[in-house]
Amino acid sequence: MKPALMITLALPLLAACATTQPEPYSTAPDSTSLADPEDRALAQAACGSCHSVEPFGLSPNSAAPEFPAIANRRNLTRETLTMWLVDAHNYPQEMDFYLEEDEVGQLVDYMLSLRREDYHPPY
C-alpha cells in the first residue's frame, strides 16, 4: 500500500480518537440557575424592595445587605440563617413582617444557592 493512501485512510481514524478541549473562556453557570424559580420569586417579592436578591448588584436600601453578602458570611449555616429569618428579622420596625415556615425554607434555599467560593463583596 502506498504511504499517501495509508495516511489518507488513517486520518479519519485519528480524528475520531482526538479528544476535544473545553472552551478556554467558558463560564460557569449562574448560581441562581440552580435555584428553584419559585424560591427566587419569593425572595424578590418578600425582600427585593430592600435587599438585592440577585447574584450581583447593590441593594435598593443601602442599610440592607445584599443576599450574596449574607449567604457568603463566614460560619453561616442553614440553621443560623433559618433562625435569623425567624427570630431576629423583626428589628427595626420597618422590617417587621411574618414568614410562614415553608417560606423561610424557600428563602434559605435560595440564599444558600448564592454561595460562591470566589465571592467578593460589591463594595
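## Ser-52 and its neighbours

Leaving aside residues up to four places away in sequence, Ser-52 touches Gly-57, Leu-58, Ser-59, Pro-60, Glu-66, Phe-67 and Pro-68. This is a predicted model, so please read the contacts here as features of that prediction.

Where does Ser-52 sit in the chain? Ser-52 lies in the loop between α2 and α3. Is Ser-52 buried or exposed? With a relative accessible area of 7%, Ser-52 is buried, because the cut-off for that class is under 20%. Among the residues that Ser-52 touches, Phe-67 belongs to α3, which spans 67-71.

## The protein as a whole

Stepping back, the protein has 5 helices and 0 strands. Read from the N terminus, its elements follow the order α-α-α-α-α.

Of the 123 residues in the protein, 28% are buried. The accessible surface is about 9100 Å², and carbon and sulfur atoms make up 59% of that surface. If you look at contacts with a separation of 6 or more, 56% of them join residues 24 or more positions apart.

Which residues of α2 are buried? They are Asp-39, Leu-42, Ala-43 and Cys-47. These residues cover an arc of only 100° around the axis, and therefore they lie on the same side of α2.

The other side of α2 carries exposed residues, namely Pro-37, Glu-38 and Ala-45. As for what covers the buried residues of α2, both α3 and α5 are included.

## How α2 meets α5

The cover from α5 deserves a look of its own. Helix α2 takes in residues 37-47 and helix α5 residues 101-112. The two pack at an angle of about 105°, and their axes are 9 Å apart. They are therefore roughly perpendicular to each other, since angles of 65 to 115 degrees fall in that class.

Which residues make the contact? From α2 come Glu-38, Asp-39, Arg-40, Leu-42, Ala-43 and Cys-47, while α5 supplies Glu-103, Gln-106, Leu-107, Asp-109 and Tyr-110. Sorted by class, the contact of α2 with α5 holds 5 nonpolar, 1 polar and 5 charged residues. The buried residues Asp-39, Leu-42, Ala-43 and Cys-47 of α2 take part in this contact, and so does Glu-38, which is exposed.

Definitions and conventions. Residues numbered from 1 in each chain as written. Predicted model: local features only at pLDDT ≥ 70, side-chain atom pairs only at ≥ 80, totals over all residues. Heavy atoms only, no water. Axes fitted to C-alpha atoms, helices over the stretch in contact; angles between N-to-C directions. Helix = DSSP H or I, 4+ residues; strand = E, 2+ residues; numbered from the N terminus. Parallel < 35°, antiparallel > 145°, perpendicular 65-115°, else oblique. Contact = heavy atoms within 4.5 Å. Nonpolar A, V, L, I, M, F, W, Y, C, P; charged D, E, K, R; others polar. Buried < 20%, exposed > 50% of the residue type's maximum accessible area, 1.4 Å probe, protein only. Areas by Shrake-Rupley, 256 points an atom, 1.4 Å probe, with all protein chains shown as cover. Arc of directions from axis to C-beta.
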